[in-house]
Amino acid sequence: MKIIVTSIFVQDQDKALEFYSEKLGFVKKEDVPVGEFRWITLVSPDDQDGTELLLEPNAHPAAKEYQNKIFAEGIPATMFGVPDVHKEYERLMEKGVRFTMEPTKMGEVTIAVLDDTCGNLIQIVQK
């Protein structure tokens, strides 16, 4: 068994697609209409057959509440690995991405936290 799709709740699928592809650099894999929403997945450009990230609408009240509460508490919704947090931080800052935590060494890893503009904090990590 392996993880093939993981999801993140987003307030606006179009805005999220733009952010995750144009700012973070993920590649759109699927974009299929499903009722009033879409099944939109992205993958790493380096592993296009790897795990897909689903941009899940937060239309359900429980999803909205969960997303709002973890954001308010400063809890990242997910984590992405990068080879060099400092370089990625600089690259994303140049693209106008807002960080809530600069690169910080925490034991064996270095992390930074960014705001995806769609209701989530995202942690990037270098192991």
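Mentor: Two strands count as paired if DSSP finds at least two bridges between them. Keep in mind that this is a predicted model.

Trainee: How many residues lie between E6 and E7 in their hairpin?

Mentor: E6 and E7 pair in the antiparallel sense, over 5 bridges. Gly107 sits in the turn, with a positive phi of about 65 degrees. The number of residues between the two strands is 2.

Trainee: Which residue in E7 is the bridge partner of Met106?

Mentor: Start with another pair between these strands: Met101 stands opposite Val113 in E7. For Met106, the bridge partner in E7 is Val109.

Trainee: In what order do the strands of the sheet with E5 and E6 stand?

Mentor: This open sheet has 4 strands and mixed pairing. Strands E5 (78-81) and E6 (99-106) are at its edges, each with a single partner strand, so one side of each lacks a neighbour in the sheet. The order is E5-E8-E7-E6.

Trainee: What is the average twist of that sheet from one strand to the next?

Mentor: The sheet in question is the open one in the order E5-E8-E7-E6. From one strand to the next, its twist averages 20 degrees.

Trainee: Do E5 and E8 run parallel or antiparallel?

Mentor: Strands of a sheet can pair either way, through backbone hydrogen bonds. Thr78 has Ile122 in E8 as its bridge partner. In total, 4 bridges join E5 to E8 (residues 121-126), and the two strands run parallel.

Trainee: Which residue in E8 is the bridge partner of Asp115?

Mentor: E7 and E8 pair in the antiparallel sense over 6 bridges. Their hairpin has 5 residues between the strands. In E8, the bridge partner of Asp115 is Leu121.

Trainee: What is the phi of Thr117?

Mentor: Thr117 is in the loop between E7 and E8. Thr117 is partly exposed, because its relative accessible area of 38% falls between the cut-offs of 20% and 50%. Most residues other than glycine have a negative phi. Thr117 has a positive one, near 65 degrees.

Trainee: How many residues of E7 are buried?

Mentor: Strand E7 (109-115) has helix H3 lying across it. E7 is mostly covered. Of its 7 residues, the number buried is 6.

Trainee: At what angle does H3 run to E6?

Mentor: H3 spans residues 85-94. The helix lies across E6, E7 and E8. To E6, H3 runs at about 170 degrees.

Trainee: Is Glu88 buried or exposed?

Mentor: Glu88 is in helix H3. Beyond residues up to four places away in sequence, Glu88 touches Val82 and Ile124. Its relative accessibility is 18%, and the cut-off is under 20%, so Glu88 counts as buried.

Trainee: What is the bridge partner of Thr41 in E4?

Mentor: Strands E3 (residues 37-43) and E4 (residues 52-57) run antiparallel. They are joined by 2 bridges. In E4, Thr41 has as its bridge partner Leu54.

Trainee: How far apart are the C-alpha atoms of Ile3 and Gly50?

Mentor: Ile3 is in the segment before E1. At 61% relative accessibility, Ile3 counts as exposed. Ile3 and Gly50 are 47 residues apart along the chain. Their C-alpha atoms are separated by 8.9 Å.

How values were computed: Residues are numbered from 1 along each chain as its sequence is written. This is a predicted model: local features need pLDDT of at least 70, side-chain atom pairs count only at pLDDT 80 or more; totals for chains, interfaces and linings use all residues. Side-chain values use heavy atoms; hydrogens and water are left out. Axes are lines fitted to C-alpha atoms, for helices over the stretch in contact, and angles run from 0 to 180 degrees between N-to-C directions. Contact means heavy atoms within 4.5 Å. Buried means under 20% relative accessible area, exposed over 50%, partly exposed in between (1.4 Å probe, protein chains only).
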